[in-house]
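I am opening a notebook page on this structure. The entries below record what I looked up, in the order I looked.

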Amino acid sequence: MAFPDTRLRRLRRTAALRGLVRETDLSPRHLLTPLFVAATGAPIGLMPGVSRLSISEAVAECGELAALGIPGVVLFGIPDEKDAEGSGAWDDEGIVQLATRAIKDAHPDLLVVTDVCLCEYTSHGHCGVLASDGSVDNDASLELLARTAVSHARAGADVIAPSDMMDGRVGAIRAELDDGGFNELPILAYAAKFASAFYGPFREAADSAPAFGDRRSYQLDGANRREALREVELDIAEGADIVMIKPALAYLDVIAAVRASTLLPVAAYNVSGEYAMVKAAAAAGAFEERAVVLETLTAIRRAGADIIITYHAKDAAKWLAQ
Ligand code: PBG
């Protein structure tokens, strides 16, 4: 049946009808917010509304997030000192470990997801250790990443999220967690993480820009969807519990393809550059921030993400409650 018998406008007539047939829902329970923790707090110029937080500020922020119905945070640490190996990453008294303990003490029900990577801790800013020729040494990095994950687990992390993109790191982390008695701790793998220019503001926030070269020898080429599916497949085979695609907006087709290829929960990371674009355009008067944020997050959910990591989480939770 076609027009005039069929009229799609019939179900768009009132808000109640539109609500009845809405296919995708967005609620604070789907959202995780990244938090940057450092010895001292400071605003992040490129990301209005986001700051580096001291541990006590982070604990207070977590109270507000929990009250808004946000289930958890993703922690990134900015250490005072960096070295070639990134040893601050697995220091039991390191910034993420201390923050995790403090947050779990104060808000035991809030999920603390910890980002496992070396780039914030290495003096050269790469996500693994360097071989003598200056390339990133995959296999030598695995042990350090696994050590970092166990240290996060000991501090009380609820979910371990490796973002380094070394081959084999999910398996290495799973084995080390199991050896350490943490076989119930899930791994949220940054499975399809692309070498993206959208990470620019994050690198200011986390002070993690590579000192030389770029991340193209370990992060995915933005042109490759099939290879992204292979990354996802391998992470699942190595024991990932949740698979993530990152960034989100320029990769919605990858989110949809991953959703179709696996029964695992799928996460998407609405990254710093995506946030900065919305904030800058809204500040310039190009559009209403609230409407664009909710439309964007709904689109990421519609593409197939169960979970969205987003710097808009707190604002979105407030808007969704109104
Ligand atoms: C660390 C890491 C990065 C992001 C999350 N974890 C930066 C990078 O790979 O350069 C980016 C997050 C964002 O842009 O919001 N490896």
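I take helices (H or I, at least four residues) and strands (E, at least two) as DSSP runs, numbered from the N terminus. I am working with a predicted model, in which local features need pLDDT of at least 70 and side-chain atom pairs count only at pLDDT 80 or more, while totals for chains, interfaces and linings use all residues. Residues are numbered from 1 along each chain as its sequence is written, and side-chain values use heavy atoms, with hydrogens and water left out.

**Entry 1**

Most residues other than glycine have a negative phi, and most peptide bonds are trans.

I found a cis peptide bond between Phe-3 and Pro-4, with omega about 15°. Pro-4 sits in the segment before α1 (15–20). The bond from Lys-246 to Pro-247 is also cis, with omega near -5°. Pro-247 belongs to the loop between β8 and α8 (252–261).

Met-165 is not a glycine, yet has a positive phi of about 70°. I place Met-165 in the loop between β6 (159–162) and α5 (169–179). For burial I use relative accessible area: buried is under 20%, exposed is over 50%, and partly exposed is in between (1.4 Å probe, protein chains only). Met-165 has 4% and is therefore buried.

Asp-207, not a glycine either, has a positive phi of about 50°. Asp-207 lies in the loop between α6 and α7 (225–238). Its relative accessibility is 43%, so I note Asp-207 as partly exposed.

I checked whether the faces were covered.

In β8 (residues 242–246), five of five residues are buried. Ile-242, Met-244 and Lys-246 are on one side, and Val-243 and Ile-245 on the other. I count two strands as paired if DSSP finds at least two bridges between them. β7 (residues 188–193) runs parallel to β8 and is joined to it by four bridges, with Leu-188 opposite Ile-242. β8 also pairs with β9 in the parallel sense, over three bridges; there Met-244 has Ala-267 as its bridge partner.

β9 (residues 266–270) is parallel to β10 and joined to it by four bridges, and Asn-270 is partnered with Thr-310. β1 (residues 31–38) is parallel to β10 as well, through two bridges, and Leu-32 stands opposite Ile-309. Both faces of β10 (residues 307–310) are covered: Ile-307 and Ile-309 are buried on one side, Ile-308 and Thr-310 on the other.

**Entry 1. Nonpolar cores**

By nonpolar core I mean a set of buried Ala, Val, Leu, Ile, Met, Phe, Trp, Tyr and Cys residues joined through side-chain atoms within 4.5 Å. Which residues touch the most other members of the largest core? Of its 76 residues, they are Leu-177, Ile-245 and Ile-255. Helix α4 (residues 138–155) gives the largest share of this core, seven residues. Apart from it lies another core of 27 residues, among them Ala-38, Ile-44, Ile-242 and Met-244.

**Entry 2. Helices α10 and α11**

The axes of α10 (residues 289–303) and α11 (residues 313–321) come within 10 Å and cross at roughly 100°. Axes are lines fitted to C-alpha atoms, for helices over the stretch in contact, and angles run from 0 to 180 degrees between N-to-C directions. Under 35 degrees counts as roughly parallel, over 145 as roughly antiparallel, 65 to 115 as roughly perpendicular and the rest as oblique. α10 and α11 are therefore roughly perpendicular.

Contact means heavy atoms within 4.5 Å. Glu-289, Arg-290, Val-293, Leu-294 and Leu-297 in α10 meet Asp-315, Ala-316, Trp-319 and Leu-320 in α11.

I then looked at Leu-294 in α10. At 18% relative accessibility, Leu-294 counts as buried. Not counting residues up to four places away in sequence, Leu-294 touches Leu-26, Ala-316, Trp-319 and Leu-320.

**Entry 3. Lys-279**

Lys-279 lies in α9 (residues 272–283). Is Lys-279 buried or exposed? Lys-279 is buried, with a relative accessible area of 15%. Leaving aside neighbours within four places in sequence, Lys-279 is in contact with Pro-48, Glu-289 and Asp-315.
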